[in-house]
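User: I am new to this structure and would like to go through it by question and answer. Please show it before we start.

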Amino acid sequence: MPQPRNHHDHHHLTGDDHHHLTGDDHHHFTGDDHHHVTGDAIDIHFIGNATVLLSYGPFTLLTDPNFLHRGQYAYLGHGLVSRRLTEPALDVHELPRLDAVVLSHLHGDHWDRRARRHLDHTVPILTTPHAARRLRTVHGFHRTAGLRTWKALTLQRDGVEVTVTALPGRHAGHAVLRRLLPPVMGSMLEFGPAGGPPRMRLYISGDTLVYDGLDEITERFPAADLAVLHLGGTRLPGGFVVTMDGAQGAELARRLDPRLVLPVHYGDYTVMRSPLSAFLAEADAIGLGDRIVHCGHGEHVRVPCGLGAAPEVY
């Protein structure tokens, strides 16, 4: 089964090089502090916005940590702010021990001041080179790896591994606007036995718009078991849309053809103008309605490995 395709695309983390994660070599991280068997499902807790807690076997990963409370403002850069409309399902202090954080980009609704202050600064963070430089030098998260597109990092624990590969993403359609926004990455998370084929593939879109560069994902990877899509149709002053609306989200699902789709990143901030209902209608219109995982803010879903296994929302 294809992992990211050659050894030069991989990164190894080891316990003694964790202060030197530059994203230039193959890193391999092993952990020995707890003991679990390989999971046969991934458990997901949708905390809110693009913040998702992922559990597979011994691993617990967090995506895009956003723990601002309802009414607080996220800073989006260049004087732009947006007010949060929802409450996160967990506070940052209620998180379990984390094996890693997967951060799609450095925006205030994905990495906020509460995350910066209260997350464990020894947790590995996998992100873009742009975000990694700032997290290491300014925020004090020294175990941060900056992954260029198609580069990968593998974590191993108790006979289980997860490989995280950085994928293309484009936060805006216009080149000038892209230069004003932080670079963004998608990611493919492949879970399975150490040294064996993946048992579960999970695609996370990041704050990308649909563009032809995303098609290469299907050339490098089999279809994901679950695609976590960042929606919301985020609209900046001037009418610029910088995240997928309902139509774009459905189009990306059509292109990537995942087994299941979990929509996130909608309805949480005042800049988000495309509701979840728009995505559901578009997905239904192109015959993908039966793939949608209806897991709302604060809910959990268990996605078993293997074709034909139905997700369980609880």
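User: Which residue follows H5, and what is its phi?

Analyst: This is a predicted model, in which local features need pLDDT of at least 70, side-chain atom pairs count only at pLDDT 80 or more, and totals for chains, interfaces and linings use all residues. Residues are numbered from 1 along each chain as its sequence is written, and side-chain values use heavy atoms, with hydrogens and water left out. Helices (H or I, at least four residues) and strands (E, at least two) are DSSP runs, numbered from the N terminus. After H5 comes Asp257, with a positive phi near 55°.

User: Where do the buried residues of H5 lie around its axis?

Analyst: Buried means under 20% relative accessible area, exposed over 50%, partly exposed in between (1.4 Å probe, protein chains only). In H5, residues 246-256, the buried ones are Gly246, Gly249, Ala250, Leu252, Ala253 and Leu256. Taking directions from the helix axis to the C-beta atoms, these residues fall within an arc of 160°, so they line one face of the helix.

User: Which helices do the buried residues of H5 pack against?

Analyst: Contact means heavy atoms within 4.5 Å. The partners include strands E14, E15 and E18. The helices packed against are H4 (216-220) and H6 (276-285).

User: What percentage of the 314 residues in the chain is buried?

Analyst: The chain has 6 helices and 20 strands. Its buried share is 56%.
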